[in-house]
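Hi there,

Here is the structure I promised to pass on. Have a look at it first, and then read my notes below.

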Amino acid sequence: MDIESKKFLGQPKNFVSIFNALLFDGQPVLKPEYLKDENSELVMNVSSKHVDIIKRYEDGTYLDLFVIESQSYVDQSMVARVMEYESVARMRYIRQNFKKHVPMHTRLPMILTVVLYVGESKWNAAKRLSELEIIHPGFEDMFNEFKLNLIELNTNHKYNTGEKATQDFFDLLRMIYRKQILKEDLDREFNRDALYFAYVVTKNKELLSIYQKSEKGDVKVCRALDEMFEESTNKGIQMGIKQGIEQGIALNQFEVYQTMLDKGFSVKAIASIFSVSEESIKTLLMRT
């Protein structure tokens, strides 16, 4: 997923829209034309520690975007890891720009990190340092809090990115994870690149099929997804009915076998009467 993440989210307009979504409710405060790729030793050093995409804004601010694919890649120490990434970046900047010490009144560039979680399962790692560390009574005022700038696409919260491609990607993931299509979205057209990236993340074969059938431009997706969700729901209902019938039959058999045992029939005699194995009777009596 790393290559596709950088290909889709690394585009300047898509990249800044993630930050605008979290910080400014989709308002275009950060502009793509003011972004530039950062290929310095600082970025190479931090990227080796699994930062996915780093760019630098016109005013010198470093914008770091972590893309977390699934819960299996998330650990409880994520908040501490992000702190480490930012500390490494700050110290590298200091070493590169100041020979001995940082002059009085100097201000370092801001480092702003956003964690984009695109997994389906619930994020259950710490979101704040205080959720990770033990804070003893009386030390609360001295504790330096640190929190993740976290975007979760599997919740009911709807983010506004202000950019069609990323908005389409966000909404597609929410639809797939919630297995629900709103009526007003049935004929909505989605950005083709967003469609493919949503496939890469979810491995949803229906998305891939739609992508492969389309050649260029925006693509209608929702009616096919809606049919897929309905079919999946119907299969679930049918499976539930089947399981219910099987459980009812098993319960009925149990009652018959148990009644016969109570009346003095042996397991061997019951097996002979119903043409079943003694083992199957014993198993049912033990399981029910």
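In which helix is the place of V256? V256 sits in helix α8 (residues 222–262); helices here are DSSP runs of H or I with at least four residues, strands are runs of E with at least two, and both are numbered from the N terminus.

Before going on, please note that this is a predicted model, where local features need pLDDT of at least 70, side-chain atom pairs count only at pLDDT 80 or more, and totals for chains, interfaces and linings use all residues. Residues are numbered from 1 along each chain as its sequence is written, and side-chain values use heavy atoms, leaving out hydrogens and water.

V256 counts as partly exposed because its relative accessibility is 31%. (Buried means under 20% relative accessible area, exposed over 50%, partly exposed in between, with a 1.4 Å probe and protein chains only.)

Now for the charged pairs. Side chains of opposite charge can pair when their charged atoms come close. With a salt bridge defined as a side-chain nitrogen of Lys or Arg within 4 Å of a carboxyl oxygen of Asp or Glu, the count is 8. One of them joins K55 and D37 at 2.3 Å, N to O. This pair links distant parts of the chain, with K55 in strand β2 (residues 53–57) and D37 in strand β1 (residues 35–37), 18 residues apart. K55 is buried, at 7% relative accessibility, whereas D37 is exposed, at 51%.

A network of salt bridges also links K158, K164, D168, D171 and R188.

Enjoy exploring!
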